[in-house]
Amino acid sequence: MSEEPESISRGVTPDSLLHTGGSDDPSAEDLVLASGRDLTPKNLQWAERRLAREGRSAIDKTLP
C-alpha cells in the first residue's frame, strides 16, 4: 500500500496545497492550477491578463 494519501495518488490536489485566502494575493500560477489547466507559458499569460483585469475576484470566481 502506498504511503501517499489517496487523493494525491489519483491526481487531485490536496487542500493543504491550494493557495486561497482573504489576505493572499493569488499568483498567475494559482489561477492556472485552480482552473484545472496545465502550467504552460500560454496559460500563465492568460492568468496574468485575467488577474490584471479582475484582481482577486478572478480566483474567487474560479473556486467554489
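I looked up N43 and found it buried, with a relative accessible area of 16%. The model I am reading is a predicted one. The cut-off for buried is under 20% relative accessible area, and N43 is classed as buried because its value is 16%.

I then placed N43 in the secondary structure: this residue belongs to helix α3, which covers residues 41-54. Next I listed the contacts of N43, leaving out residues up to four places away in sequence. The partners of N43 on that list are V32, R37 and D38.

I turned to L63. Is L63 buried or partly exposed? I recorded L63 as partly exposed, at a relative accessible area of 25%. L63 sits in the segment that follows α4, a helix spanning 57-62. I also checked L63 against S35, which is 28 residues away along the chain. Their C-alpha atoms are separated by 7.8 Å.

How many helices does the chain have? I noted four helices and zero strands, and the pattern read along the sequence is α-α-α-α. Of the 64 residues in the chain, 20% are buried, and N43 is one of the buried residues.

For contacts, I considered residues at least 6 apart in sequence; 39% of these contacts join residues at least 24 apart. For surface, I noted that the chain exposes about 4900 Å².

Notes. Residues numbered from 1 in each chain as written. Predicted model: local features only at pLDDT ≥ 70, side-chain atom pairs only at ≥ 80, totals over all residues. Heavy atoms only, no water. Helix = DSSP H or I, 4+ residues; strand = E, 2+ residues; numbered from the N terminus. Buried < 20%, exposed > 50% of the residue type's maximum accessible area, 1.4 Å probe, protein only. Contact = heavy atoms within 4.5 Å. Areas by Shrake-Rupley, 256 points an atom, 1.4 Å probe, with all protein chains shown as cover.
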